Amino acid sequence: MKKVLAGLVAAAALITPELAQAEKIVIACGSVGQEQELCTQGAQAWAKKSGHTVQIMSVPTDAGQQLAQFQQLLAAGSTDLDVVRIDIIWPGIVANHFIDLKPHFPEDVLKQHFQPIVKNNTVNGKLVAMPWFTEAGLLYYRKDLLEKHGQKPPTTWQELAQTAKTVVDAEKKGGNDKLVGYVFQGKSYEGLTCNAVEWLDAFGGGTIVDANGQVTVNNPKAAEAIDFIASLVGNVVPKGVLSYEEEGARGAFQSGNAVFMRNWPYAWALANSKDSQIKGKVEVMALPKGGPEGKATGALGGWQLGVSKYSKNPEIAVDLVKYLTGPEEQKRRALVGAFNPTIMSLYKDEELLKANPFFGSLYDTFVNAVPRPTITGTKYNQVSTEFRNAVYATLSGKGKAADNLKRVETKLKSLGKNGKW
């Protein structure tokens, strides 16, 4: 009897305090494409393994609206949210409301991830969030239509415009009057900022605010880039694109009604899903250069997982973050949903490369993606809003880019300190 009691005492000692009682952890996932479904699957797998329960918090598809939702909860010190999925541009904005994850992740684990992302997620020495998946803007195209009409994949924006026009005109002569040339995220939200940052970088127009804090957005190359894209609206770009987020663009492309599309990597798995009208007819490449002297580029995107400092169960929440950002779960999400891992070794995984060939062919695009100006810290959202509103005005035919960017420059200098950041 004494041996039995001793065994029970020893077993009890092995049970960690948090597992002695099942707790509910609330996580905010994404809502674009398959993301909520895949996040739910991963969280439920962790719940089954850990003995805890998990609840998914609904969020808007618009990243800016998500941030507003989180800021409201965090500012109130709400305990209703434990694990938060944050955009790569948010660490400086939300850092004060998150716990430091550095004590919970050994250095050898952190070194498995892309170091620029780990650095991005570290604010004043505090690891605000763990990398979950990374992404860069990519160009999707209908390889069947290009081959049919004797066209090659474009290497410059000028070639893209001409190729799109050639294919659309030829298809219209054959009776296909629904086809458009190019779709992207043209609504005035963070997605447009990403597109416009790519245009500037492609044409040699620099960034909105440079690494030294100088406001650089008002320059001839930047204006040229935005004016060029604006010239396409109403021609090879439908006017309806000015209301598109990611899913609007994907809907047009995946229904077979667009030759080219700019989107994130997640669209690859969906475009090739069994019920897709364009399955097997799609290829993906780096976005074009802004002319012969330009640069092929893509905006740095990606999402991270952090733990609210107001969580009632931070240790358990951290355990969920460890599971979701670990190699097994990152691989599963990459296989099923084409979400780019942040763990470098997975880019040598043959199974992943077979499912997503562009993980290998566009590796340089992902690791050299152009960042948005997070040097602006807590005012990033204001900076992005001012910039994208000026871009949207230009795309809508309300003024030339040079005039609109001049106004942005004045506003951004007033937001900074002594005209800089």
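Predicted model: local features only at pLDDT ≥ 70, side-chain atom pairs only at ≥ 80, totals over all residues.
**Entry 1: overall shape.** I began with the radius of gyration. For 421 residues a compact globule would come out near 22 Å, and the protein has 23 Å, so the two agree. I then looked up the extents of the C-alpha trace, which spans about 90 × 55 × 30 Å along its principal axes.

**Entry 2: make-up.** I found 19 helices and eleven strands in the protein. Of its 421 residues, 53% count as buried. The exposed surface comes to about 18200 Å², with carbon and sulfur atoms supplying 52% of it. I also checked contacts between residues at least 6 apart in sequence: 73% of them join residues at least 24 apart.

**Entry 3: helix α19.** Next I picked α19, residues 401–415. Its 15 residues reach 21 Å from first C-alpha to last, close to the 21 Å expected at 1.5 Å a residue.

Which residues of α19 are buried? I listed Ala401, Asn404, Leu405, Val408, Glu409, Leu412 and Leu415. Seen down the axis of α19, these buried residues fall within an arc of 145°, so they line one face of the helix. A reminder to myself: an α-helix has 3.6 residues a turn, so residues three or four places apart point the same way.

Entry 4: I asked what the buried residues of α19 pack against. The partners are α10 (220–232) and α18 (380–395). On the face turned away from the buried side, I noted the exposed residues Lys406, Arg407, Thr410 and Ser414.

Notes: Residues numbered from 1 in each chain as written. Heavy atoms only, no water. Helix = DSSP H or I, 4+ residues; strand = E, 2+ residues; numbered from the N terminus. Expected span 1.5 Å × (residues − 1). Buried < 20%, exposed > 50% of the residue type's maximum accessible area, 1.4 Å probe, protein only. Arc of directions from axis to C-beta. Contact = heavy atoms within 4.5 Å. Rg over C-alpha atoms; globule rule 2.2 N^0.38 Å. Areas by Shrake-Rupley, 256 points an atom, 1.4 Å probe, with all protein chains shown as cover.
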